[in-house]
Amino acid sequence: MVGIEGLFNLPSELIAVLTILNLIFIILIFFYALHCSSKIKRLRNKYNKLVYGVSEGNIEDILIECIDRMNKVEMRNRELEIKLNNMEHSIISCIQKVGIVRFNAFEDTGSDLSYSIALLNENDDGVVISSIYSRESSYTYAKPVISGNSKYPLSAEEIKAIDIAKKNGRSFFHA
């Protein structure tokens, strides 16, 4: 057995090698501690993000609360999808296309005071309304439109108003 006195009798080369190995181990331990510290910091940040805004409790309670929130959001999304589908379906029957043609029905009137207006939905169903203005009177006619046509005879101006509505899809005035 070697006592304290025996340590001093070790070759100096062996002491130098052991000292260098100790320094290397100290440096490795230092860098490993830094690495572990940064990992712990990242884990702490993730944990804080996980529990942010959640009442205090264990991780199981937190996860259950998150799942409950997610289920509520999914249910609300389904409700909104149903409402959106209903709205999209009902929009098809709303007036979406308008075409207006102004014209002079009689030569003795001085301006384009007569008009035809076509009001159509997405399927080109709707109505064409014409107002004929003269100095003595004014007449208004409404004719149903189905798929861009009417079972009633249409004037050239009414046909033009329907064509404008079908082509443009939005309000458009044409003289």
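Here are a few questions and answers on the helices and strands of this predicted model.

User: How many residues of strand β2 are buried?
Analyst: Strand β2 covers residues 114-120. Buried here means under 20% relative accessible area. By that cut-off the strand is mostly covered, and the count is 6 of its 7 residues.

User: Which residue in β2 does Arg102 stand opposite?
Analyst: Start with the pairing: β1 (residues 97-103) and β2 run antiparallel over 7 bridges. Within that pair, the residue of β2 opposite Arg102 is Tyr115.

User: Which residue in the turn between β2 and β3 has a positive phi?
Analyst: β2 and β3 (residues 126-133) are antiparallel and joined by 6 bridges, with Leu120 standing opposite Gly126. The two strands make a hairpin with 5 residues between them. The phi in question is about 60°, and it belongs to Asp124.

User: How far apart are the end C-alpha atoms of helix α4?
Analyst: Helix α4 has 13 residues (156-168). At 1.5 Å a residue it should span 18 Å, and the model agrees, so the distance is 18 Å.

User: What arc around the axis do the buried residues of α4 cover?
Analyst: The buried ones are Glu158, Ala161, Ile162, Ile164 and Ala165. They sit on the same side of α4, because the arc they cover is only 160°.

User: Which exposed residues does the face of α4 turned away from its buried side carry?
Analyst: An α-helix has 3.6 residues a turn, so residues three or four places apart point the same way. On α4, the face away from the buried side carries Ala156 and Lys167.

Technical notes. Residues are numbered from 1 along each chain as its sequence is written. This is a predicted model: local features need pLDDT of at least 70, side-chain atom pairs count only at pLDDT 80 or more; totals for chains, interfaces and linings use all residues. Side-chain values use heavy atoms; hydrogens and water are left out. Helices (H or I, at least four residues) and strands (E, at least two) are DSSP runs, numbered from the N terminus. The expected span of a helix is 1.5 Å times one less than its number of residues. Buried means under 20% relative accessible area, exposed over 50%, partly exposed in between (1.4 Å probe, protein chains only). The arc is that of the directions from the helix axis to the C-beta atoms. Two strands pair if DSSP finds at least two bridges between them.
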